[in-house]
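Reader: Could you walk me through this structure while I have it open on my screen? I'd like to go piece by piece.

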Amino acid sequence: MSQQTLITLKDLSVSFDGAPAVKNISLTVRAGQVLALVGESGSGKSVTARSLLGLSGGQVSASELTICGRDALNLNDSAWQKIRGNTISMILQDALMALDPLRAVGREIGDGLKEHSSLSRAQRVQRVHEVLASVNMPDPELRAKQRSTELSGGMRQRALIAQALVGNPQVVIADEATTALDSQLTALVLAQLRALKDQGRGVLMISHDLAQVAHLADEIAVMRHGEIVESGPTAQVLNHPQHEYTRQLLQAVPSGVPRFAPLSITGAPRPSVPERQTPAGPLALSATNLSKSFGKHVAVAQVSFELPQGTTLGLVGESGSGKTTTARMVLGLQKPDSGTVDLLGERFAPLHEPQRSQLRERMGAIYQNPLGSFDPRYSVGQLLTDALSGGKSKRDQSYSQQVDQLLEQVQLSSKLRSRSPRELSGGQRQRLAIARALAPKPSVLVLDEPVSALDVSIQATVLDLLDQIQLETGTSYLFISHDLSVIEHMSDYVAVMHQGKIIEQGTTASIFGSPQEDYTRKLLAAMPRLR
Amino acid sequence: MSRSAKIFSTIVILVWLLMALAPSLLAPGDPLAINPTEAFQKPGLAHFFGTDESGRDIYTRVIHGAGDSLAIGLAATALGMGLAIILGTVAALSPRWLDEVILRVLEALYAIPSLLMALLIIAFTGPGVGPAIVAVGLSTAPGYARLVRSQIRNLKNSEMLEAATVLGRSNWLKVRNHLIPNALKPLMALVTLGIGQAVIWAAALSFLGLGTAPPAPEWGAMLSAGRVYLHLAWWMSLFPGLAIVAVAVSATVIGRALGGKVKSL
């Protein structure tokens with residue numbers, strides 16, 4: 001711990017209109033080290049990070065804030081502007097939102113230099129190319145002239161990181177910089193953060209996922225309700241967690257946890273692989289040679305898979321690999337160019353909607369963003385009544401008891417019945433979506449990235465719930481995710497998608513234990529693991 | 001928009017409704033009663049707003065005129081909106097060629113100024129309250145229809161509708177339960193604005209002698225009657241004119257406020 005101290009923060013408190021968001025936090029960022037601040041949404045970690053840039057927007061008090069030897073406790077706006085960008089900077093979360101779609105990325109990146117340096121125009125362009133090259137952007141001179149919409153996802157992430165680095169800051173804050181990225185992009189960002197650390201910069205990394213930070217962080221501070229509940233060297237926090245909450249977060253990471261073992265503390269303990277009765281009969285779902293093109297772009301090519309009853313098939317791949325198009329064809333929302341879908345041994349697609357109306361309620365869907373799938377005018381109770389009554393009524397009191405049963409099944413309080421889904425938390429909304437999908441007692445659920453928008457700890461409770469429902473009802477799942485650790489924990493069978501094709505499929509143990517394809521091996525290598 | 005403007009507008013609209021629904025409560029007299037000996041009386045205690053050339057009480061006539069303006073405003077807007085919902089929904093949900101046909105027709109209608117179109121319709125039907133309603137209703141429909149169409153088209157591709165498809169809802173249930181109610185929600189503000197507009201148009205048609213015929217108490221017709229005596233009896237035109245302005249402005253203020261609310265949701 002002899003490294004130079006870059007940031008010293010003591011007793012930081014931030015409140016918004018009298019409501020405390022951060023209480024008495026102290027932390028130290030050292031040169032050549034990564035400090036990870038871990039906690040769920042609302043724990044105050046982003047507010048803490050923003051306070052280090054003078055951007056918290058609330059009432060701030062601290063007994064000490066030193067940034068690279070400068071007292072930053074009582075800086076005014078223009079003094080903060082001088083520090084931001086060239087002493088301390090931040091990598092933003094969403095590359096599509098953070099980069100102006102109408103300007104060349106090189107100009108976006110160069111803007112920071114205009115404010116902070118006396119470089120000439122030519123020198124600025126030179127510096128932009130340098131920094132793009134330093135984040136391994138292919139063809140930096142060409143890319144600098146392109147707009148963010150013309151770049152691939154990986155290039156956009158690189159541009160975003162370059163934007164934070166152009167002023168050569170000594171401290172870089174990464175606020176959920178890997179959230180919502182698929183495994184390849186996550187690996188890319190993590191590698192860049194590691195490079196920053198090796199260059200001797202200080203990195204403050206903010207995440208809700210302990211697995212993401214495990215291999216990079218030198219120290220971890222766990223935040224909850226605005227306080228740091230535990231902090232220390234990474235190995236100590238991961239291997240000997242002292243605080244109950246740290247243990248919860250560790251347990252919530254699905255990678256390496258056996259199938260059906262609970263991830264959340266509220267999950268009922270059960271034998272690691274319970275006896276499941278596999279109902280005799282046809283396959284729950286089978287797809288044969290599904291193909292779909294949009295213009296010249298081949299989205300899905302010759303995809304076939306089988307889902308036996310009562311089991312889960314995990315469909316994994318990066319964004320753009322064709323997972324969602326496959327799901328939409330399976331659900332009959334998109335007509336395949338060729339190929340068929342059979343549900344419980346009967347033809348489901350391609351068919352005209354009226355021809356499959358009998359089968360419709362045998363298959364349900366859960367989306368990444370449940371709120372978008374609810375009619376905004378309906379309350380929780382009305383949504384479920386509508387689902388139970390087949391759309392005939394949203395107020396029929398005779399369904400009241402069934403509504404309560406559904407809410408109980410997904411562990412939501414029946415007090416929420418009159419609430420609007422907008423007033424629910426992310427986890428509660430997903431539970432409600434599950435309850436609605438269960439209303440017609442489906443045999444198959446298609447789950448498209450159902451937990452990708454949730455914090456790891458909330459994700460754990462939703463995954464436990466899905467496990468429990470499968471054990472109780474024998475519902476089969478087609479589980480789509482970019483997150484390998486979730487797929488590993490949830491699936492009996494796994495199919496790996498790449499560029500519209502299923503390149504490898506088999507049992508979870510065989511795919512994760514002995515992958516045959518290079519691409520699968522690459523994905524697995526990029527997967528953050530705790531265990 | 002200031003709070004006081006909203007409160008004031010709400011009061012104006014409430015008074016207008018009261019005037020329209022129970023005119024005798026505010027003005028017990030007969031709006032048609034002639035009293036030639038009291039013609040052209042200035043506003044005063046006996047006649048709050050004065051009297052006209054036949055000695056009719058302007059105050060009583062303004063109050064009783066609210067009924068016609070409300071009826072025309074509401075009925076015309078309802079007619080326009082009803083047509084718009086049908087046309088807009090059909091256009092949004094039909095195959096491309098039919099959508100294009102409906103759109104071109106709507107655009108052609110949209111190109112004709114609404115008041116001109118109303119005049120055209122009255123040229124066929126002849127003047128009267130009924131024709132005025134039809135004329136104003138028909139001429140507002142194209143504008144609303146285009147809005148309904150774009151709302152429904154956005155909603156048609158929403159996850160909400162996909163979820164309804166997956167739950168096995170028929171097309172009819174999707175339209176009735178989700179598409180139309182959600183498309184109309186943001187239009188409520190426009191409807192309020194539209195009522196204010198319809199009141200003005202109804203008054204304009206009557207002013208031209210194409211709506212409610214004199215001596216029936218109608219604000220536009222009263223304005224027109226007073227026009228001849230403007231140098232002699234300014235109050236004959238002023239008070240009905242104020243009534244039109246107050247109602248139209250208030251409906252607009254409330255419509256704007258509702259519009260802001262819908263946007264912020």
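Reader: How many bridges join strand 3 of chain A to strand 10 of chain A, and do they run parallel or antiparallel?

Author: Bearing in mind that this is a predicted model, strand 3 (residues 34-38) and strand 10 (residues 219-224) of chain A are joined by four bridges, and the two strands run parallel.

Reader: Staying with chain A, at what angle do helix 14 and helix 15 pack?

Author: Helix 14 (residues 380-388) and helix 15 (residues 400-409) of chain A pack at about 110 degrees, and their axes are 10 Å apart. Because of that angle, helix 14 of chain A is roughly perpendicular to helix 15 of chain A. The crossing of these two helices of chain A is right-handed.

Reader: Which residues meet there, between helix 14 and helix 15 of chain A?

Author: From helix 14 of chain A come Gly381(A), Leu384(A), Thr385(A) and Leu388(A), and they meet Gln402(A), Val403(A) and Leu406(A) of helix 15 of chain A. By class, this contact between helix 14 and helix 15 of chain A has four nonpolar and three polar residues, with no charged ones.

Reader: Switching to chain B, what does its secondary structure come to?

Author: Chain B comes to 11 helices and zero strands. Its C-alpha atoms fill a box of roughly 75 × 45 × 25 Å along the principal axes, and buried residues make up 42% of its 265 residues. Among contacts in chain B between residues at least 6 apart in sequence, 68% join residues at least 24 apart.

Reader: How do helix 3 and helix 4 of chain B cross?

Author: The axes of helix 3 (residues 58-93) and helix 4 (residues 96-111) of chain B come within 8 Å, crossing at roughly 140 degrees, and therefore helix 3 of chain B is oblique to helix 4 of chain B. The crossing is left-handed. In helix 3 of chain B, Leu87(B), Val90(B) and Ala91(B) meet Asp99(B), Ile102(B), Leu103(B) and Leu106(B) in helix 4 of chain B. The residues of this contact divide into six nonpolar, no polar and one charged.

Reader: Last topic: how many residues does the contact take from chain B and from chain A?

Author: The contact takes 15 residues from chain B and 17 residues from chain A. On the side of chain B that touches chain A, helix 7 (159-166) and helix 8 (171-184) of chain B each supply at least two residues, and the largest share, six residues, comes from helix 7 of chain B. By class, that side of chain B has six nonpolar, six polar and three charged residues.

Definitions and conventions:
Residues are numbered from 1 along each chain as its sequence is written. Chains are lettered from A and ligands numbered from 1 in the order in which they are written. This is a predicted model: local features need pLDDT of at least 70, side-chain atom pairs count only at pLDDT 80 or more; totals for chains, interfaces and linings use all residues. Two strands pair if DSSP finds at least two bridges between them. A residue is buried if 20 or more other C-beta atoms lie within 10 Å of its own, exposed if 12 or fewer, and partly exposed in between; C-beta atoms are placed from the backbone. Two residues are in contact if their C-beta atoms, placed from the backbone, lie within 7 Å. Ala, Val, Leu, Ile, Met, Phe, Trp, Tyr, Cys and Pro count as nonpolar, Asp, Glu, Lys and Arg as charged, and the others, Gly among them, as polar. Axes are lines fitted to C-alpha atoms, for helices over the stretch in contact, and angles run from 0 to 180 degrees between N-to-C directions. Angles under 35 degrees count as roughly parallel, over 145 as roughly antiparallel, 65 to 115 as roughly perpendicular and the rest as oblique. A crossing is left-handed if the near helix is turned anticlockwise from the far one by less than a right angle, and right-handed if clockwise.
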